[in-house]
Amino acid sequence: MTDSTSETPPLTDATRLGRVALRVSSLDRVVPFYRDVVGLSVERYGSRAVLSAGGAPLVVLDEDPDAPPRAGDQAGLFHLAIRVPDRPALGDALTRIRDGATVTGASDHLVSEALYLRDPEGNGVEIYRDRPREEWPLKDDGRVAMDTLPLDLEALLSDARGDDAAPGGTDLGHVHLEVTDVDRAVEFYTDALGMNLRDDGYPGAAFVAAGEYHHHVGLNRWNGRSAPAENARGVEWFEVVVPDEETLTAVRELLRQREHRVEETDGALAVADPDGIGVRLRAEE
């Protein structure tokens with residue numbers, strides 16, 4: 001189905017990500033990692049923990065001891081990405097990681113600098129800082145150009161301020177998902193949700209975003225996932241925050257035109273992507 005709405009995606013640079021929710025088997029096991037290593041503050045409400053930076057909730061942990069581990073063929077989270085506001089904050093994150101976890105990767109992506117690690121239940125976590133947007137390289141078609149180059153960790157440590165917590169301005173920059181079909185996932189996030197394809201230069205992967213950000217959602221099939229996410233441990237949903245009710249209405253109509261089931265939950269629109277991962281949309285407060 002095509003119409004004028006699909007020619008002008010409703011999601012612009014005024015859109016951002018809000019929170020990501022993970023289903024975990026034990027809050028006692030996982031919360032200290034996000035508090036002490038990632039540097040987030042914690043509020044617990046029974047079987048739920050909300051992790052924040054500068055008063056902004058970023059990660060929701062829902063405890064479910066009966067949830068099975070994600071099977072090797074299931075779609076789900078590749079990593080969630082916590083974005084810090086500057087290079088010194090990234091250096092501080094590296095200090096905390098070295099004190100309490102293990103760096104599994106460190107990359108210069110041209111548009112950003114990133115550290116990679118895993119939480120105690122195996123969920124991938126990226127902590128990164130963006131380079132100024134005017135420094136992002138662009139391809140001839142106007143899409144962003146990204147790469148994976150080594151990051152000098154000792155130089156990064158030399159910029160650290162010594163803060164124990166993630167500073168104000170830290171947010172959820174993007175989520176990266178393992179999907180069963182990259183083309184089908186791209187179609188959902190662009191044609192039905194209104195994002196833009198920003199980079200498809202990596203084999204077996206694509207990156208989409210609201211407006212001209214480098215990516216709000218990464219999509220890959222690098223590990224050959226072939227089954228939906230369902231109710232295993234790992235990502236439950238993530239939140240897309242649009243600038244106003246008018247945009248939210250436009251996205252709702254686009255999803256319905258594409259015959260996706262849209263529900264209302266906790267004051268937000270809720271829809272599942274093709275692999276059963278929840279996407280919640282709400283207007284900026």
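Student: Is Arg 23 buried or exposed?

Tutor: Burial is read from relative accessible area: buried means under 20%, exposed over 50%, and partly exposed in between, with a 1.4 Å probe and protein chains only. Arg 23 counts as buried because its relative accessibility is 11%. This is a predicted model, in which local features need pLDDT of at least 70, side-chain atom pairs count only at pLDDT 80 or more, and totals for chains, interfaces and linings use all residues. Residues are numbered from 1 along each chain as its sequence is written, and side-chain values use heavy atoms, with hydrogens and water left out.

Student: Which residues is Arg 23 in contact with, leaving aside its neighbours within four places in sequence?

Tutor: Contact means heavy atoms within 4.5 Å, and the residues that Arg 23 touches on this basis include Asp 62, Asp 64, Glu 121, Glu 230 and Ala 232. A polar contact is a pair of N or O atoms within 3.5 Å, where within protein one must be able to donate a hydrogen and the other to accept it, and residues adjacent in sequence count only if both atoms are side-chain atoms. A polar atom of the Arg 23 side chain lies 2.7 Å from the backbone oxygen of Ala 232.

Student: Where does Arg 23 lie, and which residue stands opposite?

Tutor: Strands (E, at least two residues) and helices (H or I, at least four) are DSSP runs numbered from the N terminus, and two strands pair if DSSP finds at least two bridges between them. Arg 23 lies in strand 1, residues 16-24, and stands opposite Asp 62 in strand 4. Strand 1 and strand 4 (residues 56-63) run parallel, joined by five bridges, whereas strand 3 (residues 48-53) runs antiparallel to strand 4, with six bridges.

Student: How many cavities of 30 Å³ or more are there, and which residues line the largest cavity?

Tutor: On a 1 Å grid over the protein atoms alone, a cavity is a set of points where a 1.4 Å probe fits but cannot get out, and lining residues have an atom within 4 Å of a point. Grid points are joined across faces, edges and corners, and a volume is the space filled by probe spheres set on the points. The count comes to one cavity of 30 Å³ or more, and the largest cavity holds about 40 Å³ of space. Its lining includes Arg 70, Leu 77, Glu 230, Ala 232 and Val 235; strand 5 (76-83) and strand 14 (234-242) are the elements that give two or more residues to that lining.

Notes. 1 Å grid on protein atoms, 1.4 Å probe; cavity = no way out; pocket = protein on both sides within 12 Å on 5 of 7 lines; lining within 4 Å.
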